[in-house]
Amino acid sequence: MATDILLFECTGMKNGEKFPVANTGRGQDTSPAFLIKNLSPRAKTLAVTLEDTKHPLFKNFTHWLIWNIPASEKIDGKIPGGKMVPGLGNARQGIGYGMYRYAGPKPPKGRQHSYRFTVYALDREIDLRFPHTKSHFLRKAKENIIQQGSIVCEFE
């Protein structure tokens, strides 16, 4: 299925700029809020990934995966950990550096890494069986992604 670009902002972040310390492993390690700009009326759910694109051992190392968020123009920040997030329409969180939770940037001291948030708009919920990894999610969801967009920020 063809995808259109999804525009969004993360609280306190601009594409190409520095990641706010509060959203990193050196700060409060809390997820930012997301403001969606041009969400398709066909969108039923949203998904978000956070990846370290400069990880020295694993290309696009997954820090966070959350999916089945009810489609909306805002995703609140400080999403709690857990496989299921009842306060967010029973959204599901997967496996990554943050095991069923958000885990912000925390590269070795003195090393700068790039981190990419990608937000996906889907036309349905995704029933994902174990393992709950980004690659499994993308394989299962690929025909249902109607929009996606990314921003990249640096840290350290």
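Student: How many salt bridges does the structure hold?
Tutor: There are 7 salt bridges in it. Keep in mind that this is a predicted model.

Student: What makes Glu 9 and Lys 37 a salt bridge?
Tutor: Their side chains come to 3.4 Å, N to O. The cut-off is within 4 Å, so the pair qualifies. Glu 9 sits in strand β2 and Lys 37 in the loop between β3 and β4, so the contact ties together parts 28 residues apart in sequence.

Student: Why is Glu 9 called partly exposed?
Tutor: Its relative accessibility is 34%. Buried means under 20% and exposed means over 50%, so Glu 9 falls in between.

Student: And Glu 51, buried or exposed?
Tutor: Buried: Glu 51 has 5% relative accessibility, and the limit for that label is under 20%.

Student: How do you know that Glu 51 and Arg 116 form a salt bridge?
Tutor: The closest N and O atoms are 3.1 Å apart, and the definition asks for within 4 Å, so it counts. Glu 51 lies in strand β4 and Arg 116 in strand β9, so parts 65 residues apart in sequence are tied together. Lys 134 is linked with these two residues in a network of salt bridges.

Student: What makes β9 and β10 a pair of strands?
Tutor: Pairing takes at least two bridges, and 10 bridges join β9 to β10, so they pair. The two run antiparallel, with Thr 118 opposite Ser 150 in β10.

Key. Residues are numbered from 1 along each chain as its sequence is written. This is a predicted model: local features need pLDDT of at least 70, side-chain atom pairs count only at pLDDT 80 or more; totals for chains, interfaces and linings use all residues. Side-chain values use heavy atoms; hydrogens and water are left out. Helices (H or I, at least four residues) and strands (E, at least two) are DSSP runs, numbered from the N terminus. Buried means under 20% relative accessible area, exposed over 50%, partly exposed in between (1.4 Å probe, protein chains only).
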